[in-house]
Amino acid sequence: MFLKDMIKSDPPRLYPGDTLEKAARLFRHAKVDSLPVVDPGNRVIGILTRTNFLDALLEKASLDTPIDSFYNNNAMTVSGSVDYETVKEIVKTSPVGSAPVLDAGGHLAGIFTKADMVLTLLKKSDLLNAQLSAILNAMQNAVVAVDAEKRITLLNSSAEKLLGLKGQDAAGRHYRKILGEIGLEASFLGTAQLGLKHKINGSATIVNILPIISRGTVNGTIVVFQDLTEFEQVARELEIVKNLNQTLDTVLNIIYDGIVVVDGSGIVTLINQVLADYLGVNPGDAVGCYITDILPNSRLHIVAGTGIPELSEIQTIRGKELIVSRLPVIKDGLPTGAVGKVIFPQLAEIKELAAKLNSLQNKIAYYREELRKTGGAKFAAESMIAVSRPMKMILDECRQIAASGSTVLVSGESGTGKELVARAIHNFSPRSNGPFISVNCAAIPENLLESEIFGYAPGAFTGADKNGKPGRFELADGGILFLDEIGDMSLNLQSKLLRVIQEREFVRVGGTRTVHVDVRIIAATNKNLQASMESGDFREDLYYRLNVINIRIPPLRERPEDIEPLARYFVGKFNHILKTAITGISQEAMEVLLKYRWPGNVRELENVIERAANFLREGNIRIQHLPAYMLRAESSRRPGQQENLQYRDRIKQTERDVIISALEKAGGNKTKAARTLNMSRSRLYAKIKELNIPL
Ligand SMILES: Nc1ncnc2c1ncn2[C@@H]1O[C@H](COP(=O)(O)OP(=O)(O)OP(=O)(O)O)[C@@H](O)[C@H]1O
């Protein structure tokens, strides 16, 4: 605010030659203490004060006397362009109560009086008051003003909220009654206190206390409370945002794809390390660049404008054709930026995955081929190793019996190749163009086995397919049904099976229609069915129906001539599947294979070779590539000593062998082994110790 804004324009004035009467009338009407005297050009040449006028009257000058000898030629004038603060100083220090105000050209612009000043001050203080309360009420912090008498004079709205009371209810009350003991006393001595911690109305606050000092005296104090509850909330939110950012960073940097984000103007706001590395830029430097500065043929800024996604397109980046996707970021229905994704196919991890996939695909291809060979018109004789006499005989037998439709019972320990024999019969038989359907009677739960074998009619039971389902018998029509682990079939199912074998027809579970089938049955068992018959677990009539042709496959330990050719055959098979380059089996390793008892038979040998191939990948399989349990069994057998043993020792040796074999079959699980040996666990432990069996 300037002086010219505080004065009245067109002020009263006198000219040289004007009479005292004119002066009296102007004093009377304008209610001023002095009148400027101006020349015809409106320049101030003097001032006639009330005192000058009264002096003239005391000198008994008549009212028609000109003012010329009474006005003061040295008028103190002020410029209209001085600011408020200067005017204040002039008024405070000047002995005169009023002064003419000049415009920029030095002409009379008005008169400034102390009364004008007071009015202006009042106006100014009203304005300041309004501004102050607007500011105070807009503040987050609570502000309390206390006067020198220690009474509350003001609470802003945040303070009302914090203290839970209205400003007018607090005004005039001693601060202690409202704020409690918060260390205000020092401020009345002029000391400010900052950063005090106080709990007010249950809220943690930081308090700043500032004395109001004017002209050297403390006129009161201002207390500012910063509510930490909100502050802490903000801090928590910031922490959450920080954590989210860190998570985003981590996610962006562990994914294989390159990611870049731009804002609505195409400026990079985020880029992950993978893409930055590929582009040869530092992520920190790339942020803030225009997208085409780091990725010249980018279209991300265009997508950020159009809002139309561009998915799985080919883009050449740094000389390589890569698949990219550009997705707009939409906010309130409008595009505000875009995210670009670049897929890098050549990463090491992907290579590794691809290698695994490749190996699986090879495995599938191999098995498919094997399936084709064994299930196809021609049996691949080379996939069944039969070097030993008994196996050669079995293979011949398979050829001979293939033409008939008689039921076959194949028996032998688990893993000896019973299914392979069944497949050989199928492939040599006139049914080789028909299906070979296999059911493992032990693997399928008892309650499902019946419907699995015979199928079920529509709506046979809850949860069943509403169209019904054919069983394996129907599927095997014109071919062979291989019933593995027949010894585990329930007596109820055994009788149903017997009926089908006799009548060649059956009814689906829950159905009424009779189904006729032309199926040759080959059953297999690793159980002693004679014993099962004796114990009543297997129907005698069914046994004889199945046992029309009987093939017994000896365990591998009884035909050691097959071990070496089988082992070499499996080396070739796994080289093919696993893409390994195993060249053979060392002599020592082969000796271990030949001496081992093979409780799991050919399947176990196959697993041992697969395991070694996985470890080794190339070169010769050596002792260290064989499972440790085989070596322990080997060292525990001490070959050659058997013959010299006395009766007692022989018993012990046999006992030892039985326990070792049970442990091997149970995979080293002593509880399981004890169960098969029908002895308590503690007795097995004692025996292991007594017979010095290595674990
Ligand atoms: N003479 C063999 N030549 C080649 N591979 C064989 C031979 N005998 C068995 N195998 C292989 O050993 C594994 C086990 O054979 P198969 O499943 O026929 O045995 P199984 O006696 O029917 O077993 P289980 O009693 O557990 O059903 C199969 O991978 C099979 O290909």
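Is isoleucine 688 buried, partly exposed or exposed, going by its C-beta neighbours inside 10 Å? Isoleucine 688 has 18 of them, so it counts as partly exposed. The cut-offs are these: a residue is buried with 20 or more other C-beta atoms within 10 Å of its own, exposed with 12 or fewer, and partly exposed in between, the C-beta atoms being placed from the backbone. Isoleucine 688 lies in helix H28, residues 681–690. Its C-alpha atom is separated by 8.0 Å from that of isoleucine 659, 29 residues apart along the chain.

Before going on, the ground rules. This is a predicted model, in which local features need pLDDT of at least 70 and side-chain atom pairs count only at pLDDT 80 or more, while totals for chains, interfaces and linings use all residues. Residues are numbered from 1 along each chain as its sequence is written.

Now the chain overall. The protein chain has 28 helices and 26 strands; these are DSSP runs, H or I of at least four residues for helices and E of at least two for strands, numbered from the N terminus. Of its 695 residues, 28% count as buried.

Next, the cores. A nonpolar core here is a set of buried Ala, Val, Leu, Ile, Met, Phe, Trp, Tyr and Cys residues joined through C-beta atoms within 7 Å. The largest has 65 residues, and Ile522 and Leu605 have the most contacts inside it. Domain 3 (377–554) and domain 4 (557–637) both give residues to this core, so it lies between them; the domain bounds come from an automatic or database assignment. Apart from it lies another core, of 26 residues, including Ile7 and Phe53. Isoleucine 522 touches Val408, Val410, Ala422, Ile425, Ile480 and Phe482, leaving aside residues up to four places away in sequence. Contact means C-beta atoms, placed from the backbone, within 7 Å.

Val408 and Val410 bring us to strand E16, residues 408–411. Both of its faces are covered: Val408 and Val410 on one side, Leu409 and Ser411 on the other, are all buried. In a regular strand the side chains alternate between the two faces of the sheet. E16 is joined by four parallel bridges to strand E23, residues 520–525, where threonine 525 stands opposite serine 411. Four bridges also join E16, again in parallel, to strand E24, residues 549–552. There isoleucine 551 is the bridge partner of valine 410. Strands are taken to pair if DSSP finds at least two bridges between them.

Then the ligand. Which residues come nearest, of the 18 around it? They are Ile385, Gly417, Lys418, Glu419 and Val602. A residue counts as near if its C-beta atom, placed from the backbone, lies within 6 Å. Domain 3 and domain 4 each supply at least three residues of the shell, and helices H16 (418–428) and H24 (601–616) at least two each.

Last, two asparagines. Asparagine 601 is found in helix H24 and has a positive phi of about 55 degrees, although it is not a glycine. Asparagine 601 is buried, with 23 other C-beta atoms within 10 Å. Asparagine 678, also not a glycine, has a positive phi of about 60 degrees. Asparagine 678 sits in the loop between helix H27 (670–677) and H28, and counts as exposed, with 6 C-beta neighbours inside 10 Å.

Technical notes
Two residues are in contact if their C-beta atoms, placed from the backbone, lie within 7 Å.
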